[in-house]
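Let's take a walk through a protein model, helix by helix. Have the structure open as you read.

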Amino acid sequence: MYDRLYRIEQIIFDLLAVLLVLFYGYSAFIQPAPTEYHRGVYILITYVLVFLLYRSESHLMRVVDYLLVALSVFSIGYWILNFEAINYRVGMEIPLDTVVAVIGVLLGVELARRVVGNVFVFIGALMLFYGVYGDYAPDMFAHAGESFSGLCTSIFYKSDGVFGIMANVLATYIVLFVIFGAFLEKSGAKQFFIDFPLAVFGHSTGGSAKVAVIASGLFGSISGSAIANTASTGTFTIPMMKKAGFRSHVAGGIEPAASIGGMFMPPIMGAGGFIMAELTGVSYARIMQVALVPALLYFFSVFMMVHYEAKKQGLTGEQFGGNALDILKKGWYYTLPIVMITVFMFQGFSPGYAAVLGIVSCIAVSWLRKETRIDVAAFREAARKGTENSLLIGSTVGVIGIIIGVLNYSGVVLTFADIIIELAQGHLFLTIGFIALASLVLGMGVPVTAAYLITAVVAVPALTHLGVNLIAAHMIVYWLSQDSNVTPPVCIAAFTGAAIAEANMWKTAFSAFKFAKFLYLAPFLFGYVPGFSLNGSLFDIVVTFILCAVGTWFYSWMLSGIWHGKAPAINPVRDGSGGRGGNL
């Protein structure tokens with residue numbers, strides 16, 4: 001999309017992208033910015049870049065895009081420059097305050113429409129309708145209602161609205177880590193993350209698919225998006241799996257199933273961990289500790305299911321690439337940025353501080369090879385790529401502000417937990433099932449990180465009421481929020497894998513659903529086994545994870561269906577769908 005911009009628009013985009021990197025790098029590493037600039041600058045740049053990048057097709061409507069850019073600068077700039085005055089006169093806003101709020105809220109809806117689609121707009125419009133006409137809702141959900149302008153004023157200016165928790169998390173954590181991922185890829189690390197597991201596991205049974213699992217875990221832990229991970233590593237791993245003899249829809253399903261594991265894997269956890277730390281008040285280092293072993297068990301589950309799938313099909317490995325030790329000797333330094341981030345966060349430094357160090361270390365290691373050096377031009381390209389990647393989740397900030405603002409305004413947050421508990425009749429198993437259904441439906445129309453935040457606001461109280469500890473409750477919601485990536489009917493990561501594999505979309509989706517089954521087991525372990533979330537004595541925790549590892553192996557063995565007997569081997573040469581996948 002960047003290539004479609006006019007030259008002057010590309011210059012503006014690059015300048016704002018570099019400004020974003022430098023401003024938030026300075027704010028995280030040297031001097032924190034005041035609240036109004038810390039949140040406002042991020043939202044302002046995001047709004048401007050979305051209206052530039054996600055352009056209208058006709059010349060006339062392109063003029064409208066520029067008008068929306070101007071309105072974005074006006075409304076958000078007004079909030080930044082009048083931040084203190086607006087807080088002083090809360091509840092007694094002047095007419096201009098109200099006009100700006102209405103413009104700001106409507107811009108947020110249009111922003112989401114352009115990037116995410118109409119489903120998210122429908123949700124935002126429904127919440128606005130509910131906020132205005134809440135007095136007509138059923139008694140269980142009813143509230144006093146508010147005028148449209150009054151509701152927009154509340155959403156735009158109060159701390160739980162547009163500039164609330166989502167904006168703070170995006171500006172504090174997510175933007176820097178998404179940019180870090182772009183710099184790490186620019187440094188040449190992505191190829192190392194593929195080559196090394198290729199050399200280690202390529203010769204084993206189903207080696208090419210095992211490489212996909214390991215590579216997706218390594219790269220996915222810093223990419224921040226299962227879809228982006230599938231699209232990037234999948235372009236290499238999926239054809240490799242097909243060449244080794246895996247059926248097209250199986251190869252296309254393994255990659256997204258492995259890619260979503262990166263969303264649980266420290267140090268970055270697809271940005272959801274930062275929201276979790278913000279919501280719980282627990283340090284991010286603690287969140288990483290709780291997340292690490294369950295994430296490893298997820299990859300172990302996919303790894304073993306891939307192994308048994310290969311054995312069922314009679315697929316043997318072959319030696320790929322060079323010697324693993326030689327590859328490690330040549331590229332070990334690519335792990336330094338991730339190690340540095342992890343170590344500094346465990347030492348108690350802020351995630352933003354660690355991310356800046358990670359970006360600097362990416363630039364440093366890139367200079368060890370002439371072809372990967374990040375000079376001024378490459379710095380601009382990496383900043384552009386990272387900023388562009390951040391727009392997908394950043395574009396939701398306005399509508400998420402509407403949703404959370406209305407939920408808090410109406411008081412339904414306080415009653416929703418009671419509703420879930422009543423429907424589940426106090427059974428934790430059913431409660432988790434209802435949350436899974438809610439997150440699946442919500443995830444069909446919104447990015448998974450947004451789905452987690454929205455679901456967590458209303459579902460976590462229900463889980464804690466039933467005795468689940470706070471971090472475990474958030475982990476349950478966060479894991480379940482990922483299911484829409486691989487669970488039909490709307491599973492964008494799986495469909496991305498199908499497109500690369502040239503396979504039938506639905507067969508690929510159900511294949512991804514099969515390989516990702518631990519995704520649905522882990523929430524129940526978090527709910528019923530305290531040690532799974534590091535809650536208990538050291539002995540209890542160790543025993544828990546040993547038993548979980550054995551159980552994960554058995555779970556994978558059962559779901560693989562290998563106990564039915566091996567299927568005949570498939571000739572990789574004839575395993576072609578001709579781009580259709582219809583005979584697989």
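Take the face of α15 turned away from its buried side: that is where you find the exposed residues K329 and K330. Exposed means over 50% relative accessible area, buried means under 20%, and partly exposed is in between (1.4 Å probe, protein chains only). Helices here are DSSP runs of H or I with at least four residues, numbered from the N terminus.

A quick word on the ground rules: this is a predicted model, where local features need pLDDT of at least 70, side-chain atom pairs count only at pLDDT 80 or more, and totals for chains, interfaces and linings use all residues. Residues are numbered from 1 along each chain as its sequence is written, and side-chain values use heavy atoms, with hydrogens and water left out.

Back to α15, which spans residues 324–331 and has A324, I327 and G331 as its buried residues. These cover an arc of only 65 degrees around the axis, so they sit on the same side of α15; the arc is that of the directions from the helix axis to the C-beta atoms. What do the buried residues of α15 pack against? Their partner is α9 (189–201), with contact meaning heavy atoms within 4.5 Å.

V175 counts as buried because its relative accessibility is 1%. Leaving out residues up to four places away in sequence, V175 touches L20, Y24, Y42 and L170. V175 and I393 are 218 residues apart along the chain, yet their C-alpha atoms are separated by 9.6 Å.

Helix pairs come next. Axes are lines fitted to C-alpha atoms, for helices over the stretch in contact, and angles run from 0 to 180 degrees between N-to-C directions.

| Helix pair | Angle | Axis distance |
|---|---|---|
| α14 (residues 284–313) and α27 (residues 538–560) | about 30 degrees | 9 Å |
| α8 and α13 (residues 272–280) | roughly 140 degrees | within 9 Å |

Angles under 35 degrees count as roughly parallel, over 145 as roughly antiparallel, 65 to 115 as roughly perpendicular and the rest as oblique. That makes α14 roughly parallel to α27, while α8 is oblique to α13. The α8 and α13 contact involves several residues, including Y173 and F177 of α8 and F274 of α13.

Finally, the cysteines. C152 counts as buried because its relative accessibility is 0%, and C362 is buried too, with a relative accessible area of 0%.

Note on methods
Helices (H or I, at least four residues) and strands (E, at least two) are DSSP runs, numbered from the N terminus.
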